[in-house]
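Please look over the sequence and the structure shown below before reading on. The report then takes up some of their features in turn.

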Amino acid sequence: MKELAEVDPHAKTIQLLSANPLCMSYDKLAPILEMINKYLPEMEYIYGAGRVTDIRNKTVEQLKSLKDMGLREISLGVESGDDWTLDRVNKGYHAEDIFEQCGKLTEAGIDFWMTFLNGVAGKEHSIDHAIHSAEVFSKCDPMLVGTGGLTLFPVRTLPARIF
């Protein structure tokens, strides 16, 4: 933070990248945001990425506190709103959990966007994946829904290498 403050002391936006900062408890994340604000007092907008399960361990009051410290937006790697698909990829939550945790973000005033992963349900379940995701995402009212694609290829046995 000291180095960043020397390079750009008037920075107003920062992204917490390289992993998942929201998996930390409030007690570990809050001091990081406080440090950002200490060294960059003009900071207005802190952005981070996370999972639905990361919000479970934070109360609405804690989320509001993080917002007051500058956390304004979270990117959630939701991938699907379909319970069958969520189970298939072991996300550790279901559609109702997505709605509940996003409701906490909304109540705290933190903007969020969600990702939808095309292809993750496979050909046989893609329609249900799309429909249920659209229902859940619409119900959550994110600022944006981004999408990515996943293509699964059959496993091929590669020839053994001789060393």
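## A buried aromatic pair

In this predicted model, F137 has a relative accessibility of 6% and therefore counts as buried, since the cut-off for that word is under 20%. F116 also counts as buried, because its relative accessibility of 13% falls under 20% as well.

The structure holds one aromatic pair, and F116 and F137 are the two residues that form it, in an edge-to-face arrangement with 6.4 Å from centre to centre and 85° between the planes. The pair links distant parts of the chain, for F116 belongs to strand β4 (residues 111-118) while F137 belongs to helix α7 (residues 126-140), and the two are 21 residues apart.

## The chain as a whole

The chain contains seven helices and five strands, and, read from the N terminus, its elements follow the order α-β-α-β-α-α-β-α-α-β-α-β. Along its principal axes, the C-alpha trace spans about 55 × 50 × 25 Å. Of the contacts between residues at least 6 apart in sequence, 80% join residues that are at least 24 apart.

## Burial, surface and charge

Of the 163 residues in the chain, 40% are buried, and the chain exposes about 9700 Å², of which carbon and sulfur atoms supply 56%. Its side chains include 17 positive and 24 negative ones, and the centres of these two sets lie 6 Å apart.

Conventions: Residues numbered from 1 in each chain as written. Predicted model: local features only at pLDDT ≥ 70, side-chain atom pairs only at ≥ 80, totals over all residues. Heavy atoms only, no water. Phe/Tyr/Trp six-rings, centres within 6.5 Å; stacked < 30°, edge-to-face > 60°. Helix = DSSP H or I, 4+ residues; strand = E, 2+ residues; numbered from the N terminus. Buried < 20%, exposed > 50% of the residue type's maximum accessible area, 1.4 Å probe, protein only. Contact = heavy atoms within 4.5 Å. Areas by Shrake-Rupley, 256 points an atom, 1.4 Å probe, with all protein chains shown as cover. Lys, Arg positive; Asp, Glu negative; His and termini not counted. Charge placed at Lys NZ, Arg CZ, Asp CG, Glu CD.
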